[in-house]
Amino acid sequence: MAFQDFDQISERRKAEKARKVKKRIIIAVVVILLLVLIAVGAYFIVNRLNNKKGNAKQGKVGKPAPKAPKQKNAPSKNKAPSNSKKILKEMCSVTDYKEKCEGIIEKANGETKPMAFIKTAISATSDEAKSVYSKTAELTFNSPEEKGAFEDCKGLFEDAMEELGDAISQVGSSTESGKVRIGVLNSWLSAVISYQQTCIDGFPDGKLKSDLEKMLQTSKEFTSNSLAMLSLLNQLQLPGIGAAAGSNRRLLSQDKGGFPTWMSHEDRRMLKKNDKKLTPNVTVAKDGSGNYKTISEALEKMPQKYEGRYVIYVKEGVYDETVTVTKKMPNVTMYGDGSQKSIITGNKNFADGVRTFQTAPFAALGEGFMAKSMGFRNTAGPEKRQAVAARVQADRAIFLNCRFEGYQETLYAQTHRQFYKSCVISGTVDFIFGDAATIFQNCLIYVRKPLENQQNTVTAQGRTDKRETTGIVLQNCQIMPDKDLEPVKSQFKTYLGRPWKEFSRTIVMESTIEDLIHPDGWTPWEGDFALKTLYYAEYNNKGPGAKTDNRVKWDGYKKINKEEAMQYTVGPFLKGHAWLKVEGVPVRFSLFEN
């Protein structure tokens with residue numbers, strides 16, 4: 001298929017945007033000046049009152065008074081903690097777990113800087129997570145399923161602890177411009193919540209699962225509070241706060257070729273379809289004509305501290321192996337001869353006793369992973385239930401011209417930020433699922449024929465906390481039946497999605513929806529679970545399945561306008577705010593409409 005190139009922004013829209021930006025700048029300057037004047041005035045009023053009351057006020061401060069005889073300036077010192085607590089309580093007021101938040105104010109040691117307090121909050125999360133992990137040693141596992149699930153938990157705990165440590169370090173440092181990156185902190189903290197939930201989901205229902213969920217609740221609450229406070233600071237746009245996408249990272253706005261602009265010129269050149277000058281570090285070929293016969297061996301031999309992007313060329317062939325790009329393998333590019341020629345395949349599945357988390361023949365964990373012209377397939381079939389073709393945990397993951405084939409739960413977009421362009425995804429039940437911040441642009445989404453007693457659901461998004469900055473966005477995609485479903489599509493109900501978790505969030509916009517989609521559009525998970533807390537939205541779709549007259553009447557379902565849809569484009573949703581500063585940027589990083 002062919003994909004359209006970006007339309008250019010018209011001069012009229014440029015001028016209109018320039019006027020809006022100028023107006024916002026003027027308003028912002030006026031507001032800042034007013035705030036400064038108010039703050040200065042309040043400062044002088046407080047000082048004047050303190051000077052009048054002198055030591056009389058000291059007697060009203062309370063317990064710190066015993067040190068007053070030795071410190072003539074005690075009133076001003078006592079005032080600082082008081083003001084500090086007021087500031088921190090104001091920050092806590094925006095959280096969902098206020099008691100937990102206020103409980104760590106004493107640990108802030110009189111700190112008045114918001115980011116320093118957030119660092120304290122994240123440190124409290126890390127301490128709690130460590131405490132929970134140590135307590136898991138007391139748990140008793142009575143079945144192979146429970147023991148296996150705990151093995152998954154160990155890895156997930158390690159990932160959570162690593163990213164909490166990264167978040168603490170990030171708050172303690174800044175970018176070259178002196179700004180702390182809000183985008184990467186949101187990504188890491190949202191992933192921590194997802195890791196904990198994935199750990200819980202791996203256990204069979206029962207007392208052990210319930211006990212573990214209770215143990216992790218406090219850690220989740222601390223993480224949620226940190227996300228809430230970061231959101232507040234981002235809204236206020238305080239000095240020293242940035243919205244960059246990540247540490248040493250540029251953003252997912254797009255250039256004229258349709259590639260994220262934070263990618264280097266070399267990376268974009270490598271991924272262009274007609275580029276014949278690509279030079280891989282290693283070549284994988286089943287016939288022995290490359291450096292290695294398996295992809296796994298090529299990854300195992302990758303230098304441990306390789307600087308730059310490590311390129312693996314996978315020659316045509318079906319590679320039946322389990323491939324994992326670990327967290328210690330950042331910036332790997334894997335490209336093939338075509339998504340139907342260079343294929344990673346497997347058939348692990350839930351029905352045969354494999355946990356869903358472990359069924360994928362391919363898993364990407366190393367940040368900055370890129371794949372181009374590759375196929376990922378699970379051949380277990382619909383009767384084997386959950387059978388993942390690819391699990392993606394990597395931050396800043398990009399898939400271009402790739403194909404994901406399976407039935408139930410084909411593509412597990414697990415965590416962090418992911419971008420899919422011109423890909424093909426096929427399946428039956430919940431075949432795009434997970435808790436990443438994920439945008440699919442220009443993708444073909446094929447619904448396959450399910451089992452006789454099944455119905456199809458394209459998405460099942462897994463956001464468990466409303467503060468997480470995650471969700472699934474289908475933009476300018478085509479949703480249609482495959483050749484086997486087409487003649488019998490009227491016999492099966494097909495929906496855009498259902499809520500896997502309480503705050504599930506999915507947006508379908510500017511897409512073509514064929515007539516296989518049920519008029520309701522969306523379907524419940526079970527009973528009224530999540531129907532008031534989810535966020536499902538549609539905007540400017542077309543095709544016979546796009547009619548919204550008879551859509552569900554849930555509180556969480558929205559028919560959004562252009563302004564709200566803009567929030568879920570590549571720039572804002574993946575924290576690509578730098579696109580606003582670039583002249584003549586094509587519109588496809590935003591909405592497709594003129």
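Which rings do ring pairs link into a cluster with F362? The legends below begin with that group.

**Figure 1. A cluster of aromatic rings is held together by ring pairs.** Joined with F362 are F369, F376, F399, F404, Y420 and F440. Rings of Phe, Tyr and Trp (its six-membered ring) count as a pair if their centres lie within 6.5 Å; planes under 30 degrees apart are called stacked, over 60 edge-to-face, and the rest tilted. By this rule, the structure holds 19 aromatic pairs. Please keep in mind that this is a predicted model, where local features need pLDDT of at least 70, side-chain atom pairs count only at pLDDT 80 or more, and totals for chains, interfaces and linings use all residues. Residues are numbered from 1 along each chain as its sequence is written, and side-chain values use heavy atoms, with hydrogens and water left out.

**Figure 2. F141 and F203 form a stacked pair.** Their ring centres are 6.3 Å apart and their planes meet at 25 degrees, so the pair is stacked. F141 lies in the loop between α5 (114-135) and α6 (144-172), while F203 lies in the loop between α7 (182-201) and α8 (207-236), so the pair ties together parts that are 62 residues apart in sequence. Helices (H or I, at least four residues) and strands (E, at least two) are DSSP runs, numbered from the N terminus.

Figure 3. With a relative accessibility of 3%, F433 counts as buried.

**Figure 4. Two arginines each place a charge over a ring.** The charged end of R391 sits over the ring of F357, 4.0 Å from its centre. Likewise, the charged end of R498 sits over the ring of W525, 3.9 Å from the centre. For this, NZ of Lys or CZ of Arg must be within 6 Å of the ring centre and within 35 degrees of the ring normal.

**Figure 5. Residues 40-81 form a stretch with pLDDT under 50.** pLDDT is the predictor's confidence in each residue, from 0 to 100. The protein averages 82, and 74% of the residues score at least 70. Where pLDDT is low, the predicted coordinates should not be read in detail.

Terms used:
Contact means heavy atoms within 4.5 Å. Buried means under 20% relative accessible area, exposed over 50%, partly exposed in between (1.4 Å probe, protein chains only).
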